[in-house]
Amino acid sequence: MCLFAGVVGFAGVLGIAGCGRQAQPLPMYMPKSEFWQALPANAAVDPGSPGFINDLRKGTTQGQLSIATTAYNVPIVRPAQGTAKVAVSLTTPGPTPLCLVPIPDSARPAQGTDGDLVIVDESIHTAYEFFQMRHNGTAWQATAGLAFDTQGDGINHAGTGIRATSLSLLLGLLTYDEITGGGPIQHALAWTADRGNSQYFTSPATSSDGAQMIDGAASIPEGARLQLDPGLDVSRLGLSPTGQRIAEALQHYGMFLLDLSSDSSLVAESLDGTGRSWDGVLAYDEVQNIPAGSFRVLKLKDQLPIPH
């Protein structure tokens with residue numbers, strides 16, 4: 001029997017009912033998410049912010065931002081109507097397949113050991129998200145998989161998502177369309193860092209991998225939202241026009257710590273197999289001139305303990 005791992009949205013788990021609904025306009029996936037909410041001019045700063053930022057600068061890259069464009073990024077596959085639907089077997093916690101996922105032959109998981117892949121079925125407002133996705137020659141397999149309602153808030157409230165924080169992979173990505181389209185970036189950005197709090201996390205995260213950290217009690221908790229100082233004149237940082245647009249988004253919307261990584265990175269859409277390229281469009285060092293000390297951690301909503 002083919003079962004869903006769960007479609008997470010409005011009130012929790014949904015079935016496959018609802019075929020024939022109109023697809024929502026791009027790029028407004030997860031419209032109930034606070035990623036789409038601009039920060040107020042006087043956003044409250046957490047009292048622990050100076051210490052958190054000081055700890056961030058102790059990381060391998062001293063908090064200097066890069067952008068994951070070639071690996072550890074997120075492919076978004078929007079299959080054409082009529083694409084054959086196949087089962088995907090999940091190896092953990094057991095071989096439970098996801099029902100009838102429309103995966104085109106051109107689908108390519110992201111480079112890197114995470115191997116993330118997102119399949120968006122617009123007809124039923126569902127995003128199938130996979131961790132360590134691969135094709136064994138005859139069928140698709142993944143270490144883990146989850147289905148999100150694209151009209152929801154992008155949070156797996158059960159705390160078992162693909163990201164360490166259990167937030168949707170679709171949240172906070174720098175997409176090809178918005179980078180090439182010009183204009184402001186109107187959402188908070190996904191951020192991964194090499195330092196994360198080992199004791200607690202904060203909403204909107206519902207889980208954390210911070211327990212992996214050694215001596216991480218002073219680090220920024222996963223789920224935290226950071227803001228680039230809105231008073232900083234980003235036009236004087238020597239950024240490219242694209243880099244300046246990203247910096248402005250960090251001032252107006254900020255970035256959320258979603259996962260641990262080997263450096264401090266924003267996350268871009270993966271373009272492998274799409275016929276498009278980030279070459280000459282978005283560079284990994286596009287925002288490296290943004291000083292880490294110009295960020296502040298906004299008021300934490302709560303301190304949720306990490307199971308050890």
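Accessible areas in this account come from the Shrake-Rupley method with a 1.4 Å probe, and for residues only the protein chains shown count as cover. On this basis the protein exposes about 13,400 Å², of which carbon and sulfur atoms supply 53%. The structure is a predicted model, in which local features need pLDDT of at least 70 and side-chain atom pairs count only at pLDDT 80 or more, while totals for chains, interfaces and linings use all residues. Residues are numbered from 1 along each chain as its sequence is written, and side-chain values use heavy atoms, with hydrogens and water left out.

The secondary structure comes to three helices and 19 strands; helices (H or I, at least four residues) and strands (E, at least two) are DSSP runs, numbered from the N terminus. Along the principal axes, the C-alpha atoms fill a box of roughly 55 × 45 × 35 Å. The radius of gyration, taken over C-alpha atoms, is 19 Å, which agrees with the value near 19 Å for a compact globule of 308 residues (the globule rule is 2.2 Å times the number of residues to the power 0.38). Buried residues make up 53% of the 308, where buried means under 20% relative accessible area, exposed over 50%, and partly exposed in between (1.4 Å probe, protein chains only). Of the contacts (heavy atoms within 4.5 Å) with a separation of 6 or more, 71% are accounted for by residues 24 or more positions apart. The protein has 17 positive and 28 negative side chains, and the centres of the two sets lie 3 Å apart. Here Lys and Arg count as positive and Asp and Glu as negative, whereas His and the chain ends are not counted; the place of a charge is taken as NZ of Lys, CZ of Arg, CG of Asp or CD of Glu.

Turning to the aromatic rings, a search of the whole structure finds two pairs. Rings of Phe, Tyr and Trp (its six-membered ring) pair if their centres lie within 6.5 Å; planes under 30 degrees apart count as stacked, over 60 as edge-to-face and the rest as tilted. Phe35 and Phe256 are stacked, at 4.4 Å centre to centre with 25° between the planes. This pair links distant parts of the chain, 221 residues apart: Phe35 is in the loop between β2 (12-14) and α1 (49-56), and Phe256 is in strand β15 (residues 255-260). Phe35 is buried at 2% relative accessibility, and Phe256 is buried at 1%. Tyr176 and Trp278 form a tilted pair, with 5.7 Å between centres and 55° between planes. Here Tyr176 in helix α2 is joined to Trp278, 102 residues away in the loop between β17 (269-270) and β18 (295-297). Both Tyr176 and Trp278 are buried.

Two loop residues are worth a visit. Ile185, in the loop between α2 (176-181) and β12 (189-193), is buried with a relative accessible area of 3%. Beyond its neighbours within four places in sequence, Ile185 is in contact with Leu174, Glu178, Ile179, Arg245, Ile246, Ala249 and Tyr253. Ile185 and Tyr253 are 68 residues apart in sequence, with 8.8 Å between their C-alpha atoms. Leu237 lies in the loop between β14 (225-228) and α3 (241-252) and, at 17% relative accessibility, counts as buried.

As for the backbone, the peptide bond from Ser203 to Pro204 is cis, with omega near 15°. Met30, a residue other than glycine, has a positive phi near 55° and is buried at 0% relative accessibility.
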